[in-house]
Amino acid sequence: MDHFSGRGAKDIIPLYRDSKATQPNLHPQLLPLLSRILARMVSAENFSAYQYALLAQPAFTARFHKELATRELRVPLTIDATLFQRAVTLGRELLFLHSYGERFTDQQHWPQPVVKNIKSVPGGQLPEEFGYDEARQIINVGGGEFGPVPLAVWNYEVSGLKVVQSWLGYRMKIRKGKKSSPLDDIAPHEWGSEYNSELVRLLNLLTRTVELQPAQAALLDAILAGPLFNTAALGPVPPQWRKPSKVTSAQHGLDV
């Protein structure tokens, strides 16, 4: 419930069913059975990383466009231990990047900066406009310049939202987006120096994200060409697993 999306938190699928992260939000037989097949322990975190490596890429959307249009989402699950580990490694790096280094930190390093702050945005009031110079691969922001930024990074999107352009749009003098209450007017009124470094950080993590996409696409092809896990081996989901888990509030002594 911590993430406002304009329609509540109904679309959030938690990794765990309990606040102590002891009960994965998966079929109870999946991880034990998969661990036996792959001859290695498969944790809920690594299973999540596997899914992220496959799902968070344009190649998956392109290949399963028809299925996604009807929300018939299926995740191909390899039983090849080498391919599974490749996916876990890729997914862990992507989750590290997309959480700004807060999750999946083990053996991860922030990528060497490629995009640099060529010319800082002048301080004081917020910029009035921004744009992209494709020939120079430069983003112009109110007199400031950042680059080199590949076109794929400038156009990078998630569910139709262009990340860089949206980030900048909310930091302009005339902000983008709808206003639903006076609270929307509570926002910075000048471009602080930290915005320059935050933008560079965003551009570099997206640059690395785009660099990983060919490896993700090749991995997806290899997984689909190889042997896959048959979910029939799991049997039906236990009825209690489809019910919300009981949450106990120690602070208030309440059962929710």
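Visitor: How many helices and strands does the protein chain have?
Guide: This is a predicted model, in which local features need pLDDT of at least 70, side-chain atom pairs count only at pLDDT 80 or more, and totals for chains, interfaces and linings use all residues. Residues are numbered from 1 along each chain as its sequence is written, and side-chain values use heavy atoms, with hydrogens and water left out. Helices (H or I, at least four residues) and strands (E, at least two) are DSSP runs numbered from the N terminus. Counted in this way, the protein chain has 8 helices and 8 strands.

Visitor: How is H2 oriented relative to H5, roughly parallel or roughly perpendicular?
Guide: Helix H2 (residues 44–55) and helix H5 (residues 81–98) have axes 7 Å apart and pack at an angle of about 85 degrees, where axes are lines fitted to C-alpha atoms, for helices over the stretch in contact, and angles run from 0 to 180 degrees between N-to-C directions. Angles under 35 degrees count as roughly parallel, over 145 as roughly antiparallel, 65 to 115 as roughly perpendicular and the rest as oblique. H2 is therefore, relative to H5, roughly perpendicular.

Visitor: Which residues in H8 meet Tyr50, Tyr52, Ala53 and Leu54 in H2?
Guide: H2 also packs with helix H8 (residues 193–225), at an angle of about 105 degrees and with the axes 8 Å apart, which means that H2 is roughly perpendicular to H8. With contact taken as heavy atoms within 4.5 Å, Tyr50, Tyr52, Ala53 and Leu54 in H2 meet, on the H8 side, Gln216, Leu219, Leu220 and Ile223.

Visitor: Is Tyr100 buried, partly exposed or exposed, and what is its relative accessibility?
Guide: Tyr100 is placed in the loop between H5 and strand S1 (116–119), and this residue has a positive phi of about 55 degrees although it is not a glycine. Buried means under 20% relative accessible area, exposed over 50%, and partly exposed in between (1.4 Å probe, protein chains only). Tyr100 therefore counts as partly exposed, its relative accessibility being 36%.

Visitor: What is the relative accessibility of Ser159?
Guide: Ser159 lies in the loop between strand S5 (157–158) and strand S6 (161–162), and its phi is near 55 degrees, a positive value in a residue other than glycine. Ser159 counts as exposed, because its relative accessibility is 82%.

Visitor: Which peptide bond is cis, with omega near -5 degrees?
Guide: Pro148 lies in the loop between strand S4 (144–147) and helix H6 (151–154). The cis bond, with omega near -5 degrees, is the one from Gly147 to Pro148.
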